[in-house]
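Here are a few notes to go with your first look at this model. Have the structure open while you read.

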Amino acid sequence: MSSKPLFNNICVAVNGSQSSIHAAMYGILLAKTYHLNLKVVYVVDTATTKQLALSKFFVADEREVYEANLSSDGDRYLTYVGNLAKSKGVIVDLELRKGAVWSELITAADEFRADIILLGGKEADMSYTAGSSVRHSVLSASRSEIIANAHCSVLVVHKPDIEQLFKIA
């Protein structure tokens, strides 16, 4: 009698932080080592930009420009992760979504039938520019919501030496 593997499908949340890129590297190595399916998701946080617009933090034009910049950033990060996966011979499904980060990520994971979601660890590596303290609190809240509401296991990746491991794998 053979046992079913603990997981076949991994979903990784990428938000542009170094820790989320580390989570993606970790996911790529897991997918390569154990022949798993990998999906990487970047969510443009339109829920927060909508709230900021409602609170008059943004005017409509600024919101559209900001969301377009976030979409462009998301495409860039997904391309980067796609190239990392390709360098290790791993096929990856890349997806850019828009909405509330936590609910969009959970929906993407459910649609992919993910057995596990990987999240980046500490976000202390984010540089504090205009609006980044808002972004940091949104990311922390999103992580808590993902952990509380996901329909599969969630692993927060704390692997400071992942870049070295990735190079030699």
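How many residues does helix H1 have, and how far does it reach from its first C-alpha to its last?

1. Keep in mind that this is a predicted model. Helix H1 covers residues 18-34, which makes 17 residues, and it reaches 24 Å from first C-alpha to last. That is close to the 24 Å expected at 1.5 Å a residue.

2. Now for the surroundings of H1. Of its 17 residues, 12 are buried, so the helix is largely enclosed by the rest of the structure. Among the buried ones are Ser19, Ser20, His22, Met25 and Gly27, along with Ile28, Leu29 and Leu30.

3. What do those buried residues pack against? Their partners are the strands E1 (9-13), E2 (37-45), E4 (116-120) and E5 (153-157), plus helices H3 (60-87) and H6 (162-168).

4. His35 isn't a glycine, yet its phi is positive, at about 55°. Buried or exposed? His35 has a relative accessible area of 70%, so it counts as exposed, the cut-off being over 50%.

5. You'll find Arg113 in the loop between helix H4 (101-112) and E4, and at 67% relative accessibility it counts as exposed.

6. Finally, go to strand E2, where Asp45 lies. Asp45 counts as buried because its relative accessibility is 13%, and the limit for buried is under 20%. Asp45 and Glu104 are 59 residues apart in sequence, but their C-alphas are 9.3 Å apart in space.

How values were computed
Residues are numbered from 1 along each chain as its sequence is written. This is a predicted model: local features need pLDDT of at least 70, side-chain atom pairs count only at pLDDT 80 or more; totals for chains, interfaces and linings use all residues. Side-chain values use heavy atoms; hydrogens and water are left out. Helices (H or I, at least four residues) and strands (E, at least two) are DSSP runs, numbered from the N terminus. The expected span of a helix is 1.5 Å times one less than its number of residues. Buried means under 20% relative accessible area, exposed over 50%, partly exposed in between (1.4 Å probe, protein chains only). Contact means heavy atoms within 4.5 Å.
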